[in-house]
Amino acid sequence: MSDQASKPAPAAKKLFIKTYGCQMNVYDSQRMAEAMGSEGYVLTENQAEADMVLLNTCHIREKAAEKLYSDLGRLKPLKAERPDLKIGVAGCVAQAEGAEIQRRMPLVDLVVGPQAYHRLPAMVRAGGGVDTEFPAEDKFEHLPKPAATRRAPAAFLTVQEGCDKFCAFCVVPYTRGAEVSRPVSRILAEARDLVSRGVREITLLGQNVNGWHGEGPEGREWGFGRLIRAIAEIDGMDRIRYTTSHPNDMADDLIAAHRDEPKLMPYLHLPVQSGSDRILKAMNRRHTVDQYLRLIERIRTARPDIMLTSDFIVGFPGESEKDHSDTLFLVREVNFGTAFSFKYSPRPGTPAYERPEVESTVADARLQELQALLTSQQKAAQESMVGREMGVLFEKPGRNPGQMVGKSDYLHAVFVEAPQAKVGDLVRVRITHSAANSLAGVLAA
């Protein structure tokens, strides 16, 4: 045997990724891991043993940059102990802060924005740097094919990025750029590949996903409803979801898809942010409360069993007690299955940043009142599921022997005693119990 043949293969380098924020960041982290796989990196869940640590950041929530710098501070001892450790910052805070990150934290080797992460391997080979450009090329075309090791029954698929809405509170247009829709052919190719790897449910992602308007095979622009129907035709594709949407982009063909396509789950996240026309105008939301309520009526007419969820910002600059009361009124009118609510926090660079803030104690009290109402609606919605049969896609074993955990048609976590079941099974379950944030059930006869 030659000396060359007797040499052991080089050990794989290990990559640790911490993902902050939204589902799109989860998808981006997967794609960055696959890109770095071509450089010999494998994922690890142990940060201490990593050869590279990548922090994939989100700029939506309060104190996003401060949280990043705090995490970087905790990495200083590890970097001091292992100077060869590579540290990277990706995502929206990377886009917003750019070279400032390396100035404040010299331990950071590279900073890459969400539109440039396909260039991550080249940056690592070059020793680091900063890349927060919005490249002309399609980053998805430069990424490697998704890894064959993907075995989860549910997956994310980004179809659209960026936003042109410019809501007064939001940094997305500045960190993710203008709206870009991926072509139909590339979306369908990725969807088919995911199905071939055992995926049965796909969630289509975009900062303004229902604004997607990609080029079809015949060179003509498609609407989002038509895309959903095309994905539903893939053999082996059982469930379709999408997030996040804007009320102004709920087109007729998309509402019709909710009526006609059984693979499109009866769940819709449709952020409204406020129930006050005055605040909606100040937010630059470009819709009124009445328009939102009439839209909800049309959607429920098309799909009566649909569960609606939303986002709310409390204490937006200038919000009065009447504005807050108007929001409570809208919540009662719609009756949401669940909703996310947050106290307004200013984002540098956004139009609302310099506006006078509502007193913190007042905003806190309003948030508690809104969340109490939303929690009561969520509890009622879950309790209404008891006794019903619904589909559940098993995603992992439960904590107890013989128990499986999956997602219902309505995206609830459901715990089921099913000793013979396996991950990836899509079964009918009769719901027997509602807990705080989950359901329990038994296999339907």
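## Helix α10 against helix α11

Helix α10 (residues 224-232) and helix α11 (residues 252-260) cross at roughly 35 degrees, and their axes come within 7 Å. This geometry belongs to a predicted model.

On the α10 side, the contact involves Phe-224, Gly-225, Arg-226, Ile-228 and Arg-229. They meet Asp-253, Leu-254, Ala-256, Ala-257 and Asp-260 of α11. By class, the residues of this contact are five nonpolar, four charged and one polar.

## Met-32 in helix α2

Met-32 sits in helix α2, which spans residues 23-37. Its relative accessibility is 1%; buried means under 20%, so Met-32 counts as buried.

Which residues is Met-32 in contact with, leaving aside neighbours within four places in sequence? They are Leu-54, Asn-56, Ala-90, Tyr-117 and Leu-120. Gly-21 lies eleven residues from Met-32 in sequence, and their C-alpha atoms are 16 Å apart.

## The whole chain

The protein chain has 15 helices and 19 strands. Its radius of gyration is 23 Å, close to the 22 Å given by the globule rule for 445 residues, so the chain is as compact as a globular protein of that length. Along the principal axes, the C-alpha atoms fill a box of roughly 75 × 60 × 50 Å.

## Burial, surface and contacts

Of the 445 residues, 54% count as buried. The chain exposes about 20,200 Å², and carbon and sulfur atoms supply 51% of that area.

Take the contacts between residues at least 6 apart in sequence: 70% of them join residues at least 24 apart.

Technical notes
Residues numbered from 1 in each chain as written. Predicted model: local features only at pLDDT ≥ 70, side-chain atom pairs only at ≥ 80, totals over all residues. Heavy atoms only, no water. Helix = DSSP H or I, 4+ residues; strand = E, 2+ residues; numbered from the N terminus. Buried < 20%, exposed > 50% of the residue type's maximum accessible area, 1.4 Å probe, protein only. Contact = heavy atoms within 4.5 Å. Axes fitted to C-alpha atoms, helices over the stretch in contact; angles between N-to-C directions. Nonpolar A, V, L, I, M, F, W, Y, C, P; charged D, E, K, R; others polar. Rg over C-alpha atoms; globule rule 2.2 N^0.38 Å. Areas by Shrake-Rupley, 256 points an atom, 1.4 Å probe, with all protein chains shown as cover.
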